[in-house]
Structures are given as structure tokens and as C-alpha cells.
Amino acid sequence: MIKGVIFDMDGLMFDTERIWATLWKPALATLGLPYKEGLDAAARGSAGDSMRAVLRRFYGPDCDADAIMDALHAQAETAFQAPPPKSRVWMNSSPIWKRSTFPWWWLPPAGWHPSCGTSTTGT
């Protein structure tokens, strides 16, 4: 019998965006490259070809985007070995909960008690 379901809605349970943002400078430093302001925001949520495009926009069309991505992932390998940061949790009253498109309504009739966790600090 299923006793619960956990949905990690792209960073809902673990706020990894803040961690990824801190990895750019050390990753680029291993390649002798400076961090350029706005890179972490521009690359957020990208991967593969879309991240290569962001990197080429910041470092030029001839940059070794794959080497930069490899350096970033090497930094991440170490960073994600640490315990995850704690997130602030709101039970049932979160504005995110109310705006969500996920069909939460079916959980209580199934005997499950929904809650929403978020690291968002505002309303």
C-alpha cells in the first residue's frame, strides 16, 4: 500500500538554484576564465545546447562550452555531496500551492494529506 508521494517540482524540496549559482566562479577559475555578471541567471534552467548557447553569448562563439560545463559539473559533484540546505515550509497556505497547476484536489479523497514546501520567502 502506498503511504505517501513526494513530488520534487524542480527544486521545491531542495533549493539547488542557489547552490548552482555559487559554482560558476570556481568552475570558471579552473579554466582561467572570469565570471561574467548575469551568467548564473542566464544559464538557470538550461542544459545541453541551450546552455552552450548561453556560454557562447557570454564568452564568445569560439569558447569551449563543453569544457566550461564539465568544470561546472565537477564543482557540482563536490557541492552536492554535502547535506541539502533546509527549506522553509508552509502547510496548505502557501501562495505557490494556490497558484499550482498540479491537481492537488485528488490527494485528500485518496487518504493522503497534501502539503507544500518552498524556499520562497515572500508571498
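At 36% relative accessibility, D66 counts as partly exposed, a label for values between the buried class (under 20% relative accessible area) and the exposed class (over 50%), with a 1.4 Å probe and protein chains only. The side chain of D66 pairs up with that of R52 in a salt bridge of 2.7 Å, N to O; the term stands for a side-chain nitrogen of Lys or Arg within 4 Å of a carboxyl oxygen of Asp or Glu. R52 sits in helix α3 and D66 in helix α4, so this pair ties together parts that are 14 residues apart in sequence. Helices here are DSSP runs of H or I with at least four residues, strands are runs of E with at least two, and both are numbered from the N terminus. R52 also meets D49 in a salt bridge (3.0 Å, N to O). Those two are three residues apart in helix α3, so about one helical turn separates them. D49 itself is exposed, at 62% relative accessibility. Through shared partners, D49, R52 and D66 end up in one salt-bridge network.

All of this comes from a predicted model, where local features need pLDDT of at least 70 and side-chain atom pairs count only at pLDDT 80 or more, while totals for chains, interfaces and linings use all residues. Residues are numbered from 1 along each chain as its sequence is written, and side-chain values use heavy atoms, leaving out hydrogens and water.

The structure holds three salt bridges. One of them joins the side chains of D40 and R44 at 3.9 Å, N to O. D40 is buried, with a relative accessible area of 18%, whereas R44 is partly exposed at 44%.

Next comes the nonpolar core, meaning buried Ala, Val, Leu, Ile, Met, Phe, Trp, Tyr and Cys residues joined through side-chain atoms within 4.5 Å. The largest one has 19 residues, and W24, L28, L39, L55, Y59 and I68 touch the most other members. Helices α1 (16–29), α2 (39–43), α3 (48–59) and α4 (65–79) each supply at least two of its residues, with the largest share, six residues, coming from α4. Leaving aside residues up to four places away in sequence, L55 has contacts (heavy atoms within 4.5 Å) that include W24, L39, C63 and I68.

C63 lies in the loop between α3 and α4 and counts as buried at 15% relative accessibility.

As for the whole chain, its five helices and two strands run α-α-α-α-β-α-β from the N terminus on. Buried residues make up 28% of the 123 residues.
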